[in-house]
Amino acid sequence: MIGSFPKLLSATVITLKLLSLSLFFGLFIGLLFAILRMNKNPIVNKFAYGYSYVFRGTPLLVQIFIIYFGLGQIEYLRSTFLWVILKEPYWCAIIAFALNTGAYTSEILRSAFQTIKPGLIEAGKSLGIPKKVIFYKIQIPIAIKQSLPAYGNEIILMLKGTSLASTVTLMDLTGVAKYIISTTFKPIEVFIVAGGIYLFMTFCVHNLIKFLEKKYGFQT
Amino acid sequence: MELLAFGKTGWGDELFYATLMTLAVSITAMLIGFFFALIFTPLKLSKNKSLNLIGNFYTTVIRGVPELLVIYLFFFGGSGAIMFVASMFGYYEYIEINAFITGSFAIGIISGAYSTEVFRGAIQSIDKGQFEASKVLGIKKHIQFYKIILPQMLRLAIPNLSNVWQITLKDTSLISVTGLVEIMRQSYIAAGSTRDPLFFYSFAAVLYLLLTYLSMKLINKLEVKYSRGF
């Protein structure tokens, strides 16, 4: 049990890398699609809705498999520079995670934007503040505050989602845990250690979000 | 399209049965989850601190640990645990548990943690006056639960339970690592033998979308039924 700890701890680094990179890209994708969702053009709107519907309605495992196993099948892709990225399981996993969390984030941000009282935007307009400034200085801070609790949940879901990277040969925390279980046949001990590391990470995320909620807890 | 033909030439019938398997595992897991929720919701709502701790421990650990890790625990540890129990009763033969049972049990425990949270939230949001009024009227405790609390609770719980159902349905794809032939595993097999992973995994995605879409339609009907009068 003690012997497996260093191995699992070093695998945690990969899990954290996967998590932070996919959250980083996912946030941009989410913001982009949230803005597209609020567009008045029905085609743009439907496209953004379809994106989030498909990615939220299918398991993450399918998405990873399509990107990792499926895209390699297209001959054309193999000849482009994209292949440098797509042949690496690491980047495939990050692309899948980012697209997945992007879909959820877009929903969270959209509902946050929609709950902003129209009076606040109208007040800004009547004060003659430019539209861009209203967006960056009024809408975004309020949306961040509104979406923090839901986004915290999403971070925890994504943290658990990174475990799926082990299915495409990446040795993240779950991958190493599985390897140790299948070589030592001590499932319970390994589960306690690996599960403990995951729980510690969720605990940290939970408290970080609580702290941020307090910090941004201004009245709207 | 001929890849999806029924019979020996295509994968249509295999994928159809795999879809049924996914549904069967999801429903079994959901029911097992309800069973766990039935045990742990009262614990979480209990005023006794140690009982409370047990309830919180269950939901926190299960919701904080990846589903895949829980599945590996059951897959590798399940038969060992059963054999250990059997050895206490003097049975020493090797016991192998069916992948369906381990899988639905693992997913069931996960879905139970989410259901527990849903039920706890629903019960807590029922007005205290309802409990007090039924007490004053001298209604017995179990009748109070079935006739007064449960119908109100279901109305509040159904929208969140439909989320739990979606999560459970998607989690069943993870059981494919244990070799149970559901949608994901069948697509994996088909993709391997036809060397057409893009098509089969996309088709699996379509199947999952179809399942989530249809179940949402059904749940919406239930929601309407339970929220009449509101």
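Modeller: Two residues are in contact if their C-beta atoms, placed from the backbone, lie within 7 Å. Keep that in mind for this predicted model.

Colleague: Which elements do the buried residues of α8(B) pack against?

Modeller: They pack against helices of both chains: α2 (42-57) and α3 (60-70) of chain A, and α1 (12-45), α6 (141-171) and α7 (183-194) of chain B.

Colleague: Which residues of α8(B) are buried?

Modeller: An α-helix has 3.6 residues a turn, so residues three or four places apart point the same way. In α8(B) the buried residues include Pro197(B), Phe200(B), Phe203(B), Ala204(B), Leu207(B), Tyr208(B) and Leu211(B).

Colleague: How many residues does helix α8 of chain B have, and what distance does it reach?

Modeller: Helix α8 covers residues 197-226, which is 30 residues, and it reaches 43 Å from its first C-alpha to its last. That is close to the 44 Å expected at 1.5 Å a residue.

Colleague: How many residues does each chain give to the contact?

Modeller: Chain A gives 31 residues and chain B gives 27 residues. On the side of chain B that touches chain A, the largest share, 9 residues, comes from α8(B). That side divides into 19 nonpolar, 5 polar and 3 charged residues.

Colleague: Which residues touch the most other members of the largest nonpolar core?

Modeller: Ile64(A), Val70(B), Ile71(B) and Ala204(B), in a core of 107 residues. Helix α6 (residues 89-114) of chain A supplies the largest share of this core, 13 residues. Leaving out residues up to four places away in sequence, Val70(B) touches Ile62(B), Val65(B), Ala106(B), Ile109(B) and Ile110(B).

Methods:
Residues numbered from 1 in each chain as written. Chains lettered and ligands numbered in written order. Predicted model: local features only at pLDDT ≥ 70, side-chain atom pairs only at ≥ 80, totals over all residues. Helix = DSSP H or I, 4+ residues; strand = E, 2+ residues; numbered from the N terminus. Expected span 1.5 Å × (residues − 1). Buried ≥ 20, exposed ≤ 12 C-beta atoms within 10 Å, placed from the backbone. Core = buried A, V, L, I, M, F, W, Y, C linked by C-beta atoms within 7 Å. Nonpolar A, V, L, I, M, F, W, Y, C, P; charged D, E, K, R; others polar.
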